[in-house]
Amino acid sequence: MSFVELKNVYKRYKMGEVTINASDGINFSIEKGEFAVIVGASGAGKTTVLNMLGGMDSCDEGEIIVDGVDIAKYSPKELISYRRYDIGFVFQFYNLVQNLTAKENVELATEICKDCIGAEQILREVGLGDRMNNFPAQLSGGEQQRVSIARALAKKPKLLLCDEPTGALDYQTGKTILKLLQDTCRNTGTTVVVITHNLAITPMADRVITIKSSKVESIVLNDKPASIDTIEW
Amino acid sequence: MKKSMLKNTFRSIKNTFGRFIAIFAIIALGSGFFSGIKAASPDMKKNAWNYYNEHSLDNIHIMSTLGFEQNEVDDIASFDDAFYSEGAYSSDLFIESDSVSRKAVKVYSYDPESKFNYPEIIEGRLPQNSDECVVDYKFRETEQPKIGDKVAFSAPNEDDISDTLLRNEYTVVGYIRLPMYISFERGTTSIGNGTLNGYVLIPKENFDLEVFTDVYVKVDGAEKLDPFKNEYDDFIEEKINLLEDFGETEIEKRVKKITDDAYEEINDAKAEVSDSQKDIEDAKEKLVDGEIEYNDGLRAIEKLRAVSGKLNEILSDYETAAVSDQSEISAVIDELDQGDFFSADEDLVQLLTGYMSIPAEYDNGTKAACKNGLEQYISAIDNSITDNSENLAKARSELDNAANEIADGEAKLKDAQAEIADAEKEVADKTKDAKWYVMGRSDIYPSFGNYGDDCDKVDAIAKVFPVFFILIAALVCWTTMTRMVEEQRIQTGTFKALGYGYGEIMGQYILYAVLASIPGVIAGVALGLGTIPKLIFTCYKSIYAFDKFSASFRWDYALYCAVAACLCTGLSSFMACQVELISKPAELMRPKPPKNGKRIFLERIKPLWSRMKFTTKVTFRNLFRYKSRVIMMVIGIGGCTALLVTGFGLRDSIVSIVDRQYSNVFLYDAVAALDDGKADYAKVKKAADDTGLVDNSMFAMQKVDDLYSEKGSAEVYLIVPDDEKNISDFFDIHNRVTKEHYNLSDNGIVINEKLARLLDVKLGDSVYFEQGHSAEIIGIMENYTFNYAFIASGGFDKLGLDYELKNNVMYIDMNYVSRESELSEALVERDDVLAVNYSSSGSDSFRTLVESLSFIVILVIVCAGALAFVVMFNLTNINVNERLHELATIKVLGFYDGEVAAYIYRENTISALMGMIAGLIFGVFFEGFVRHTCEVDSVMFAPDIPAYCFLAAAALTIVFAVFVNIMLYFRLKKIDMAASLKSVE
C-alpha cells in the first residue's frame with residue numbers, strides 16, 4: 001500500500017441551488033519519501049485536494065489513507081491531532097505570526113509537538129541561523145518562506161504540504177525555496193507534496209499529478225527527477 | 001453615486017450583515033437608553049400634566065380663617081380676567097359604620113356642576129341623591145366601607161355634627177379618586193390620631209355652613225404650562241401674590257363687615273342694657289322713697305298707737321279725777337304733741353281740757369260729752385291705725401316685689417353685659433389674625449410636589465447615564481467602522497484604480513454607516529421611548545396612582561441621536577478613509593504591510609522574560625502590539641464596569657440612607673408636635689408617661705428657618721433641646737468619618753454634613769440665621785435626610801433671633817414600639833398635642849420612595865450590563881476578525897480548539913481585567929459624580945461604596961467576559977482555515 005492514497009474522493013460545495021464538485025472522484029497515491037507535485041490550472045481543484053489531505057477540510061465521500069489510516073473517517077479533534085503531529089504546511093503567503101520573531105514562530109509549532117527538532121537547529125538548517133531573532137517584517141519574502149518551512153519541518157511531519165510556496169516570490173528566490181524543499185525531501189526522507197500551477201517545475205518531482213476540472217487527469221512518474229538548479233522557466 | 005457603487009454597498013451590507021447588525025444594535029441600544037431615560041421624567045410630568053388638565057385640578061387653593069361668602073368668591077373671579085373661582089366646603093370628620101371603625105377622613109362637598117377637581121370613578125357611580133356619598137378608592141381594597149354600606153359622620157371633641165352637616169347618614173355608591181391625591185399620602189389632620197385616612201365626597205347641599213371653607217381658582221393659560229416647570233411656578237406665583245394682596249383688602253372689608261354686623265347687635269344690646277340700667281336706677285330710687293314712706297308709716301302708726309294708748313290712759317285716769325293745774329293738761333298735750341306724725345288739734349285740746357279739768361262730781365255733762373268726744377277720737381285713731389297698717393303691709397309687699405325685680409333686673413343686666421363682652425371678644429378673636437391662605441398646588445397637595453421631586457430625581461439620573469451610554473456606543477461604532485474600512489482596502493484600491501473619486505468611495509462607507517445608524521436610532525428611540533419611561537413609571541406606580549401612561553415619540557431626541565450616531569459612524573469611516581484615500585491605488589492593492597513586530601519593554605527584564613512561558617510571551621507581545629485595541633477594550637469594559645459600580649453604589653447609597661438615618665442618627669421612636677401657644681408641658685409629659693410606654697422624653701423647639709453662610713443658604717430644621725444633656729437619647733450627633741460625638745454647648749452650632757456642603761463651610765466657620773446673628777460651627781454631624789442645625793438653649797439665646805424659645809415638639813423614646821396607637825390615643829386627645837409621628841412610619845414611607853428610585857438604578861444596572869456585554873462581544877469579535885489569519889495559522893499548526901481559544905482568551909482576559917480594574921477605580925469617581933448630581937438639597941445619599949458593590953460589578957464583568965468568551969469559542973471553532981489562509985492579510 002502506498003504511503004498516501006486517495007480513493008474516489010468527492011468534495012461538494014452547495015452554493016444555493018447549485019452543487020459544485022470541487023473534487024469529483026479523485027484517485028491517486030504517493031509513496032513515502034516522494035517529492036510529489038500537483039499541477040493544474042487555477043480553480044482546477046488542487047487546493048481542495050491539499051486541504052483534505054492536510055486535514056484542514058473533510059471530504060464528503062471516499063477514503064484518504066495516510067500511513068495506513070483513513071483520515072477521512074477522523075473526527076474534527078482527531079484531524080487537529082493529525083495536523084499537529086503528522087502534517088507540515090507551507091503557504092504561498094507564509095502565514096507567519098507577525099508579532100513573533102522567526103524563532104518564536106517556529107516555537108509556535110515546537111511548543112505543541114511531542115518529538116520535534118529544536119527551533120534554533122531547524123532555523124540554522126534552513127539557513128537562517130543569524131536571523132532567528134528577527135520579526136517577519138524584518139525578513140525578505142524568501143526568508144519568511146524559509147521560516148515557514150522551518151516551522152513546518154520542526155514538527156518532523158510525515159507529510160509536508162506546500163501550497164504554491166513560490167507564488168509570492170521572485171524567480172530566484174522561488175528556486176532556492178524549491179531547492180530547500182527538494183533537499184529536505186532527499187535528506188530527511190519526508191514526503192513532500194507541492195501544489196503549483198507552474199508546469200515548468202514538474203521535472204524536479206518524483207511524481208506529477210495533473211488535476212483538471214476536479215478530476216485527476218494524469219499521474220506521471222519521473223524516474224530521474226532533475227535537480228532544481230537545472231530547470232529554467 | 002453610481003449604480004454599481006450602490007449595489008456594492010448593499011451587497012456589502014448583506015455580506016457583512018453581522019457587523020451591520022452590530023452597529024445597528026449598539027446605536028439602537030445607546031440611543032434607546034439615552035432617549036428612554038431622558039424622556040422618562042418629561043413623560044411622567046406630561047402624564048401628570050394631562051391628568052391634572054383632564055381632571056381640572058385647581059391652580060390656586062384659597063382658605064381663609066373667616067371662610068368665604070359668595071360675593072367674595074365672585075370678587076375673586078372678577079378680580080382678574082384670567083380667574084375662574086368656585087366656593088366649596090370641606091371638613092375633617094370621623095366616618096363610621098357597622099363595618100367601618102371610626103377613622104378620620106376629609107369630607108368634601110360634591111357639586112356636579114363644579115368645574116374643579118373632577119372625581120375619577122374607580123367603581124360604582126357618583127352621588128345622585130343628597131343621601132349618597134362616594135369614598136376614597138383607597139378603601140376599596142379593604143372594603144371598609146363597601147358600596148351599599150350606610151355610613152355616618154361624627155364631629156371631633158363632642159361637637160355636634162349638625163353644626164356642619166344637615167344630614168348625617170349616607171349610602172356609599174362608589175369609589176373615586178380625586179386629582180389632589182395622586183399618591184397614597186392623605187396628609188394629616190388635627191382630629192383623631194392625626195392621620196387622615198382618606199376622603200369622602202357628599203353632595204354640596206348637605207353642608208350647613210354659613211360660609212365656604214375653600215375657594216378653588218383656575219387661572220386661564222395655566223393649563224398650557226408644564227406644572228412642574230418654573231414658568232408655571234412663576235406664572236402662578238405672580239397670581240398668588242396678587243391674590244394675597246387682594247386677600248388683605250378683602251379680609252379688611254370682611255372684618256369690617258363682621259365687626260359692623262356684630263356691633264349693630266352689640267350696640268342695640270348695649271342701648272337696651274343702658275335703658276334697663278336707667279329703669280333699675282329709677283326703681284331703686286322709688287324703692288328707697290317707698291322704704292322711707294313705709295318707715296314713716298310705721299312710725300306714724302306707732303305714734304298713733306301711743307297717742308291712742310295715752311288717750312285711753314287719760315280716759316281711765318281722769319274718769320273721776322280732775323287736774324287742778326292747767327299745766328298738767330298742757331304737759332299731756334305736749335307729750336302727745338312730741339314727735340312727728342301727730343299734733344293735738346283744737347278739738348282734742350278742748351276735749352282733753354274739758355275731760356281732764358272737770359271732775360266727775362261737777363260734771364254737767366260736759367265731761368261726758370268730752371269723754372264721748374275722746375272715745376270717738378280714739379276710735380278714729382284706731383281706725384286710722386288699722387287702715388294704715390293694712391296699707392303698710394301692702395306697701396311692704398310692693399316694696400319687696402320691687403326689690404326682687406331690681407335684683408332680677410341687675411342679674412339680667414350683668415348677663416347682658418357679659419354677653420356683650422363675649423360678643424365683642426368673639427368678634428375680636430374672629431377678626432384678629434384674619435387671613436387668606438393662598439396656596440399653589442405644591443403648597444397644599446403634598447403628592448404634587450413629591451411627584452415633581454421624583455421626576456426631577458429621574459431627570460438627574462438621566463443627565464449622566466445616557467451620555468455615558470452614547471459615548472460607549474460611539475466608541476464601539478468607531479472601532480467597527482474603522483475596522484471595516486481597513487478590511488476593504490483592496491477594494492478601495494480597486495475603485496481608485498478604476499477612477500472613482502474620493503467622495504464616491506467614502507460615500508459608500510458613509511452610506512453604510514447611515515443605513516445602519518438611522519434605522520438603529522429610529523428603532524432604539526422608538527423602543528427606548530416606548531419602554532423605559534413606562535418601566536420607570538411602573539416603578540413609581542406603587543406610589544402614584546395613575547392608571548394610564550402615554551409616552552410620546554420625541555422627534556427632537558431622535559434627531560439628536562441620529563445626528564450623534566451619523567456623526568460618529570460617518571466621522572469614523574471618514575477618518576479611516578483618509579488614510580486609504582491619500583494612499584496610491586497600487587499601495588492599496590498590495591497587502592497592507594503587516595504591523596511590525598516589536599520588542600516590548602518586558603523583554604528587557606531578562607530574568608522575568610526568560611522565565612515566562614512561550615504562550616505568555618506571545619500574549620504580552622500581542623497586548624503591547626495591539627495597544628490601541630487593548631485601550632479600546634479597557635475603555636469599553638472599564639466604562640461598563642464603572643457604570644455597574646455606579647449603579648450598585650448608587651443603589652446602596654440610596655437604599656441605605658433610611659436605615660442609616662433611623663439607626664445611626666434618629667434614636668427617638670416618636671415625636672409629638674405641640675401647640676406652643678397653649679401647651680402644658682408637665683401635663684403632656686404626664687399623659688405620655690401614664691401610658692407606661694415611654695422610656696424617656698425630651699421637649700425641644702423645632703423650627704424651620706433659613707441658614708446662611710458667606711457662600712450659600714439652605715432651609716434647615718433648627719432644633720433647640722430643652723435639656724441638651726438629654727439629647728443623646730434621641731439624636732446621635734456624631735461625625736460620620738471620625739465618629740467623634742459632639743456635645744451641644746452654648747458656644748456654637750452643630751450642622752449636618754450635607755448642610756455644610758451646601759453652605760460650603762467647615763468646622764470653625766460661622767453661619768447665621770439673620771444678618772449679624774451668627775454662630776460658630778462646632779460640629780458637622782452624620783445625617784441623610786433633611787438638614788438640621790442643633791444648638792443648645794444657651795447658644796440660642798446668644799443668637800438673639802427674633803422669635804423666642806418655645807418648645808413645640810416632644811421627642812419620645814418608647815419601650816413598646818408596637819403599641820404606637822395607644823400612645824397616639826393618649827396624646828392626640830389633648831388639645832395642646834397636634835400630632836404624633838413615628839419613626840417607624842416615617843422610615844417606611846421614606847423607604848417606599850427610595851425603593852422606587854432604586855428601581856431606576858436597577859434598570860441602569862441591567863442596561864449597563866447589556867452594554868458591557870455588547871461592547872465586549874463586539875470588541876472581541878473585531879479582535880478575532882483582525883487576527884483571523886493568525887488564528888487560522890495556529891489552527892493549521894494543529895492547535896486544539898481549546899488551545900486556540902486560550903491563545904486569544906489570555907489577551908481578552910488580561911484586557912478585560914485591566915478594564916475591570918480601571919472601571920472599579922473610575923467607578924468610585926463616577927459614582928461620586930452621579931450621586932452628587934442626583935442628590936436633592938434635602939437628602940444626602942450615603943457617600944461610601946460598600947465592598948459588595950465592587951464585588952458585584954467585578955463579578956458581573958467577569959460573568960460577561962466568560963460568556964463572551966464562550967460564544968467566542970464557537971466562533972473560533974468555525975474559522976475556515978483554508979479560506980482565511982488563502983487570502984492575503
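Visitor: What makes the pair B:Asn735 and B:Tyr742 a polar contact?

Guide: In this predicted model, the side chains of B:Asn735 and B:Tyr742 are joined at 3.2 Å. A polar contact needs a pair of N or O atoms within 3.5 Å, so the 3.2 Å of this pair meets the cut-off.

Visitor: Which backbone oxygen lies 3.1 Å from the side chain of B:Asn735?

Guide: The backbone oxygen of B:Ile780 lies at that distance from a polar atom of the B:Asn735 side chain.

Visitor: Why is B:Asn735 called buried?

Guide: Its relative accessibility is 14%. Buried means under 20%, so B:Asn735 counts as buried. The residue sits in the loop between strand 14 (713–721) and strand 15 (748–752) of chain B.

Visitor: Why is B:Thr492 called buried?

Guide: B:Thr492 has a relative accessible area of 2%. That value is under 20%, so the residue is buried. B:Thr492 belongs to helix 10 (residues 489–498) of chain B.

Visitor: What makes B:Glu132 and B:Arg125 a salt bridge?

Guide: Their side chains meet at 2.8 Å, N to O. The limit is 4 Å, so the pair qualifies.

Visitor: Are B:Glu132 and B:Arg125 buried, or partly exposed?

Guide: B:Glu132 has 8% relative accessibility, which is under 20%, so B:Glu132 counts as buried. B:Arg125 has 32%.

Visitor: What makes B:Lys224 and B:Glu223 a salt bridge?

Guide: Their side chains meet at 3.4 Å, N to O, and that is within 4 Å, so the term applies. B:Lys224 is exposed, because its relative accessible area of 62% is over 50%. B:Glu223, with 34%, is partly exposed.

Visitor: What makes B:Glu410 and B:Lys284 a salt bridge?

Guide: The N to O distance is 2.4 Å, within the 4 Å limit, so the pair counts as a salt bridge. This pair links distant parts of the chain: B:Glu410 is in helix 7 (residues 366–431) of chain B and B:Lys284 in helix 4 of chain B, 126 residues apart. B:Glu410 has a relative accessible area of 34% and is partly exposed. B:Lys284, at 29%, also counts as partly exposed.

Visitor: Which residues do salt bridges that share partners join into one network?

Guide: The network consists of B:Glu69, B:Glu72, B:Arg254 and B:Lys257. Over all chains, the search of the whole structure finds 44 salt bridges.

Visitor: What makes B:Lys3, B:Lys7, B:Arg11 and B:Lys14 a positive surface patch?

Guide: Lys and Arg count as positive, and a patch takes residues with over 30% relative accessible area and no salt bridge, like charges being joined within 9 Å. The four residues form such a patch. B:Lys3 has 64% relative accessible area, so it is above the 30% needed, and being over 50% it is also exposed. B:Lys3 lies in helix 1 (residues 3–15) of chain B.

Visitor: Which residues form a negative surface patch?

Guide: Its members include B:Asp261, B:Glu272, B:Glu285 and B:Glu293. B:Glu285 is in helix 4 (residues 230–317) of chain B. Its relative accessible area of 54% is over 50%, so B:Glu285 is exposed.

Visitor: What is the phi of A:Glu164?

Guide: A:Glu164 has a positive phi of about 45°, although it is not a glycine. The residue lies in the loop between strand 7 (159–163) and helix 6 (171–188) of chain A. At 9% relative accessibility it is under 20%, so A:Glu164 counts as buried.

Visitor: Why does B:Ser56 count as buried?

Guide: B:Ser56 has 6% relative accessibility, which is under 20%, so the word buried applies. B:Ser56 has a positive phi of about 55° although it is not a glycine, and is found in the loop between helix 2 (17–54) and strand 1 (60–68) of chain B.

Methods: Residues numbered from 1 in each chain as written. Chains lettered and ligands numbered in written order. Predicted model: local features only at pLDDT ≥ 70, side-chain atom pairs only at ≥ 80, totals over all residues. Heavy atoms only, no water. Patch = residues over 30% accessible without salt bridge, like charges linked within 9 Å, V, L, I, M, F, W, Y side chains within 5 Å. Areas by Shrake-Rupley, 256 points an atom, 1.4 Å probe, with all protein chains shown as cover. Charge placed at Lys NZ, Arg CZ, Asp CG, Glu CD. Helix = DSSP H or I, 4+ residues; strand = E, 2+ residues; numbered from the N terminus. Buried < 20%, exposed > 50% of the residue type's maximum accessible area, 1.4 Å probe, protein only. Polar contact = N/O pair within 3.5 Å; in protein donor to acceptor, adjacent residues only side chain to side chain.
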